[in-house]
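Work through the exercises below with the sequence and the structure open side by side. Try each task before reading its solution.

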Amino acid sequence: MSTGPSPAGPPVPPQDAPPEGSVTGLQTFYDRAGGLLVPILATLLAFLIGGIVVLITEKSISAPFQAYKAIFEGTGLTWFIPGGDQAEAARDLQQTLLITTPLILTGLAVAFAFRCGMFNIGGQGQFWAGLLTAIYFGTHFEGMPPVLHVTLTLVAGILAGAVWGGIAGLLKATTGAHEVISTIMLNWIILWSGKWLLEAPDGFLQGRDPSLPRSDDVLDSAKLPAIWGTLQPLHAGIFIALFALVVYHLLLNRTTLGYEVRAVGFNPDAAAYGGISVKRNYFLALAIAGAFAGLAGAIDMLGWKYRLTSTEFDANLVGFTGIAVALLGRNKAVGILFAALLFGSLIVGTSPRQLDPDVFNPELATNLATMIQALIIAFVGAEFLILYLWRARRRVGFRRPREPEPEGA
Amino acid sequence: MTEPPLLELKGITKRFPGVVANDHVDFDLVKGEVHALLGENGAGKSTLMNILYGLYHPDEGEIRLRDDAVRIDSPHAAIDAGIGMVHQHFMLIPVMTVAENIVLAVEPRRGPFLDHATANERVLEISQRFGLAVRPDARIESISVGMQQRVEILKALYRGAEILILDEPTAVLTPQEALELFQIIRSLQAEGKSIIFITHKLGEVLEIADRITVLRRGKTIETVPREGATEEGLARLMVGREVLLRVEKKPAEPGEPLLTVEDLRVHDERGLEAVRGISLEVRAGEIVGIAGVDGNGQTELVEAITGLRHIDAGRVVAAETDITGESARGSLEAGVGHIPEDRHRRGLVLDFTLAENIALKDYCEEPDSKWGWLFPKRLVARATKLLKEFDVRGGGAQTLASSLSGGNQQKVVVAREVSRDPRILVAAQPTRGLDVGAIEFVHRRLVAERDEGRAILLVSFELDEVISLSDRILVMYEGRVVGEYPPSVSEEELGIAMLGGRREAVA
Amino acid sequence: MSTVDETRETTADRLRRLGEPRSVAIAGICLGVLGLFLSLPPITIRNVVVPAAVGVLGAALGLWALTRGQRKLGIWAILASLLAVLGALWLQSESAGELESVFSVGLLAATLRFATPLAFAAMGGIFSERSGVVNIGLEGMILAGAFFGIMVAAETGQWELGIIGAMGAGAALASIHAFLCIHLQADQIISGFAINFLALGLTGYLFRSVYGTGGTPELPERIPDVRLPFIEDITFIGDIFGSMNLMIWLMLFTVFLSWVVLFKTPIGLRIRACGEHPRAADTVGISVFKIRYAAVITSGVLAGLGGAYLSFGFGGTFNENMSAGRGFIALAAVIFGNWRPFGAFGACLLFGFSTALAIRLQGSPLLPSDLASANLLQTLPYILTLVALVGVIGRSRPPAAAGRPYVKQ
C-alpha cells in the first residue's frame, strides 16, 4: 500500500508526471469538471445495471420497472407530488429522512478524511463507538434534565467516535500504518467488543433481562424530541445533521485548521514546507471524522433506535454507505446532503417494512441496494468511464486527457 | 550534403492542449555523426525525441529511416528500428541489479527460468566491447549517477541500437564526468553509431557536435556545422535576441553573519549520513553559492537549515536565534526564507489557488486569520497586489497554481518568500526548468535581495549560475565542504573539487 | 574511468553483522518468544526458572541493543521477554492437562487451516501490488469465490468444478478492478472498495435469490483431504500433515510457485519492473497494461481459491459476508512480509495461529470467564494484525509505483 506517504519511505524514482490519481487529485478533477455530470450519470448507470440484474434473476422484462416503482413509492418522495395517499407518503418520507440523518454524518466522516488525503473506511466502527457510548449514557443518569442529558450523551458519542477515529490517525501519524487497513481492523474490533459488551453474562451494556441479547431502552430524558409524525417519527437529530453540514463547510473553508487539512490532503510535502505539522493533521482529521460518525451513532440511538439488539451488528451498514455518500457528494456539503437523501431513499425503499413482498422480495432488494451503492462508488471513482461514455460520440479515446505541460513563462 | 541521411524527420508537428510543442520540425541524421539538438527548456527538443522513440505520436509529419517511411508508435518499434534513448530521468529500476536492468524484456532463459549467469556474462561482454566498465551484479541504487548513465547507454547498445539519443546527458554529471562521457561518445562514433545529443549548454555543443540544429518555440531555426559556430551566435539563434551571459551586479558589501551552521550532521531517507560535519557562514548582503554534483548532501543541508529534516548533530543559528531541532515553522519564524528545489513537490500546493499558495506561510497569522478564523478575501487582496508587483502572468489570485507555466509558478514562489521579508534566503535550484526570461528575472531578483542586505545561500547544480551569482563559492562533495573559492574561479578548478579532487581549509 | 562500486557483502561482512545491535535485538526478541514457548506443550517445562532465565537473557540483549541506538527493536525485545516471563509465571499455575487442551498439535493443524485462505489471498495481493496495482478488493474476491464456488459445486455436484467456478468468480471481479484501475485510472483504493461492496451485494442478492432462507444445500462432496499413509502414523508430523485438505497442499504449492515465478523467471522480473518503474518497463517494450492485467487477474484467481476453501473446503456452507475482513488481514500480511511470498506466508501463519488460539481459548479455564467469551476472543486476529502493521512500518518497502495509475504518453 503506498497511497499514503510513508515518512521513512524510499525515494521514488523520477516520474515526469506530478503524482496524480491520488485521493485528493480526484477532488481537483471534480472541481474542474464542475458539475453534476459525473454523479448523475454514475447514478443512472448504476440503477441501469441493477435493473439488468433484476431482469436476469426474475426473468421478466417488466420486473425491474415494477421493482424500481415499488422502491420509489416506498421512499415517500411521492409526498412532494400532490394527489395520492399523502398520509402514507408522509410516513414513508419520515423514515427516509430518519435514515438520511446518520448518512449525512457518516458521509461527512468520510469526506473530512478525504480532504486530508485519507480514505476512512472506519466510519462504521466510529459509528459503533458513538452508538455504544450513547447507550451507556442514555440508560444511566436518571433524573437529569432532558436538555442536559441529551447534550451529555451526544457529546459522549462524539468523543467516543473521535477516539476511535483518532486511534487510526495516531497510528498513521506515528508509525505510518495505512489508514485503510487500520480502520478496517478497528471496525471488526469494536464490532466484536460491542457484541461482547451486549451478550456476555453481566455484560456492560446487557439489559435487565440477561436472557435476551439486548440493552435497556434509553431513558426518556435522553431521547431526542420528535418533530414530525407519530409512529417512529422524525426526530430533531436531522437539524443536528444539517448543522453539521454547515460546520463542515465552515471548518474546511473558513478556518486555519481547514486550510491545513486541505493543504496536507493536496500535498503533504508542501504543507510541511509551509510550517504545517502533517502528523498533527492526520491525527486531527481522522479524530474529527470519527467525531462526525460517532455523532451519527449517538443520534440514531437517542432519536429512534432507543435500544440495541444483537442482530443490529450484522445488519447495520450506515458507516459504509457513508463512503458512497461522500464520493457521490464530491466531498462538498451540498453534495453530501443530496447523496445522503438518495441513499436514504434507496435504503428505506428497499426495506422489508416499506416494500411489498408480492412485487419484489425485500431481502433481495436490500442486497440490490448494496450493489447499486457499489456500482455508484465504482463509477464515480472511475469518472473517466462516465466522461468517456458522455463524449463517446466525439470519439475521444480512453486515455486521460492529460499531457505534459511544457514549461516556460 | 554528400551522404544520404540515415534518419530524417520531416514536418513533425505535435500539439498539446494550449501549445504547439513541435511546429513542422525538420531534422536529419547522417551515419556516424554527432548531431546536437540545441534549445532552451520548453523549446520542444524532448518532445521531438519522444516522438522519435515512439513515446508520443506526432499529429503531422513523417519519419524516414534509410529512405523508407517508418511508423514508430511504441518504444518497441523504435528498438526494432535500431533506435536507443538515454532519458534525462534515467529509466532504471533502483532496486534491481545492473544486469537485470540491461536485459529486461530480452532476458536470456534456461528453460522457464531467468538465466542470471548468462545475463551477467553478456553484460560484461558488451561493456568490455564498448569500454564502459560496469559491475553487472551491483544494484542501481548503490552506484553513482555517472555509472547509471553508462548502464542506460549499455541498455540501448544491448538491444542493438545504431542511433543513440542522449537527452540532456550532462545535466547530472560533473565537468570531468562529462569529459568521460564525450570520450565514450567518440568511441561509439568510431564504432559507426550515430548520436543525437540534446542539450541547452552551448559549450558542450561546440565540443562534441558535428552539426547543430537549433530549436526555438517548437520550430527549427537553423542547422549549422560546428565549424564557424560561436557561443554568441548559437545563443542568439536559441533565444532569438542578444543574451546577457553574465549577471550585472555590484561588488558585495557583506555585513554581520546572519546564518551560521556549525558541524552539521544529517542523514538521508535511507538512514545514511548525507551531511557529514558542515560548517558555514552567510553574511548580510552576500550570496554564498554551493556547487556540487546532485546527491552530495545539498538537499539534506537545505532541508536541515529550513527545519524540514532532523538534525543529528551540530547547530544552526539564524539571525541570532538557535533553530537547531526546530520545525519548519520555527525556522521560518526565525527569518529564514526558502525557495525549494522542487516547486511542484514542495514549493506549491498545485491544487490551491495562487492566493492560498501565497498564504502558505502566513495563513495562521494576522491579517490572514485571527483566532483560527480565516479571511479568504484578505488572502485574495494581498495576493492580487503581489502578483502584479512580480509580474505573474497567466492567472489571477483565484487561479489554481497548476494552470500556470513553470516560470510563472516560480515567480509566485519567489514573490511569497521575498514578500515575507526574510533576513536569510535559501534558494535551492531556483531556476531549474525555466526559460531564459524567467532565469534572468530570478537572477536579478536574487541580486536585488542581496543588495537589500539579506543573507543568501544559493544551491545550484549549474556551475555558470553559481559562478555568476555568488560572492563566495563553497564546493560540496560527499556531505562535506571541500573547498572555498572566489567567483573568479574557473569551471575546471571547481569541477576537480566537485569530484573530491582537492581539499582546502575552510575559511 | 572511476572505479566500480563495491556493493556485494562477503561472508565475513555477514558474520560481523551478527554482533551489531540490530542482530542482537532480533536475537533478544527470539529468546523472548522461545521463553514463552518453553512453558507450553509439547515441551511444558513445569519450572519457572528456565523460561524466566531465557526471558531475562532476552531482555538483557534488548537493553544492550537499546543503549546502542536500536530503540524500536530493543523495546520489542524487552517487551517480548517480559511477556515470556509473565506468561511462564501464569502458565505454571495452570494444570498441564488444561494447557494441553489448548496448546496441542491440533492447534498447529488449525493454524494451517485458518492460514490457508489468508495465504491464497496474500499471494494474490503480492502479484497485484508487485505489478503496481493496490488491490484492497481481495476481500470481495474471496467472498465471490466462496459463494460462486459452492454454488457451482452444489449445482454440478462436483467439487472440482466448484473450484474452477471460484477461480472464475475471483477473476471476473479482478477484471473489473483491473479495467477500472488500469484503463480508466480510477483511484485504486476506491475501486477496490467498490469491488468489496459489489461482491457483498451480489453474493447476498444471489444467495437469497437462489437459496432463500434455507441456506446452501448439503454438498454431495466437499474438497477432499489428502491421506498420506506413510506419514499418517508418525506422531506430531502425521497429526498435521497425515490427512490435510487438498487446498492446504495447493496453498503451500502456490506459495512456493509464487516465489519461483516472481524471483526466478523473466515474467517475474517484468512484473516487478512494472511495479517499481512502469515507464522504464514501457521504454524497453514491455506492455505495462498487459502485465498489470495479468497480475491483477491472477490475484483474483488466487483470492477466489481462498474463498473456495473457506466455503466448501473448510466448512460446508456459505454465510453472507463470511470473508470477515480476511482480505484486509491478507493485505497486512503482504506488508508484514515485505511483498515476498514466504514472508507473507509467515505472517499468514501468525494470523492463522491467533484465530486458532482464540477458538481454543473459548470457554477455556485458562482465562477468567469474562474474557473467555467467544465474542471478545474474536477480536484477537484483528488486534494482532493492527499490532503487526504498526510494528513493521518503516522496515517494509512497498513497490515504488504501487497505487499509481500508469499513464502512457
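The exercises below concern a predicted model, and each is followed by a worked solution.

**Exercise 1. Confidence in chain B**

Task: State what average pLDDT chain B has, and find where in chain B the pLDDT stays under 50.

Solution. Start with the chain as a whole: the average pLDDT of chain B is 88, and 97% of the residues score at least 70.

**Exercise 2. A covered strand**

Task: Decide whether strand β3 of chain B is mostly covered or mostly open, and list its partner strands with the sense of pairing.

Solution. Step one is burial. A residue counts as buried if 20 or more other C-beta atoms lie within 10 Å of its own. In β3(B), residues 34–38, five of the five residues are buried.

Step two is the two faces. B:V34, B:A36 and B:L38 lie on one side, B:H35 and B:L37 on the other, and both faces are covered.

Step three is pairing. With strand β10 (residues 194–199) of chain B, β3(B) pairs in the parallel sense over five bridges; here B:H35 stands opposite B:I196. Strand β11 (residues 211–216) of chain B also runs parallel to β3(B), joined by four bridges, and in that pair B:L37 stands opposite B:T213.

**Exercise 3. An open sheet and its helices**

Task: Give the strand order of the open six-stranded sheet in chain B, and explain why β18 and β24 of chain B are edge strands.

Solution. First write down the order, which is β18-β21-β22-β15-β23-β24 in chain B, with mixed pairing. Next take the two ends: β18 (336–339) and β24 (480–485) of chain B each have a single partner strand, so one side of each has no neighbour in the sheet. From one strand to the next, the twist averages 20°.

Now check one pair inside the sheet. β15 (residues 287–291) and β22 (residues 455–459) of chain B are parallel, with four bridges between them. In this pair B:G289 has B:L458 as its bridge partner.

Helix α14 (residues 406–419) of chain B lies across β18 and β21 of chain B, at about 175° to β18(B). Helix α15 (residues 436–451) of chain B lies across β15, β21 and β22 of chain B and runs at about 150° to β22(B).

**Exercise 4. Where chain C touches chain B**

Task: Describe the side of chain C that touches chain B by residue count, main contributor and residue type.

Solution. Count first: 22 residues of chain C are in contact with 28 residues of chain B. Then assign them to elements: α13 (266–276) and α14 (278–283) of chain C each supply at least two residues, and the largest share, five residues, comes from α13(C). Last, sort the chain C side by type: eight nonpolar, seven polar and seven charged.

Technical notes. Residues numbered from 1 in each chain as written. Chains lettered and ligands numbered in written order. Predicted model: local features only at pLDDT ≥ 70, side-chain atom pairs only at ≥ 80, totals over all residues. Pairing = 2+ DSSP bridges. Axes fitted to C-alpha atoms, helices over the stretch in contact; angles between N-to-C directions. Contact = placed C-beta atoms within 7 Å. pLDDT = per-residue confidence, 0-100. Buried ≥ 20, exposed ≤ 12 C-beta atoms within 10 Å, placed from the backbone. Nonpolar A, V, L, I, M, F, W, Y, C, P; charged D, E, K, R; others polar.
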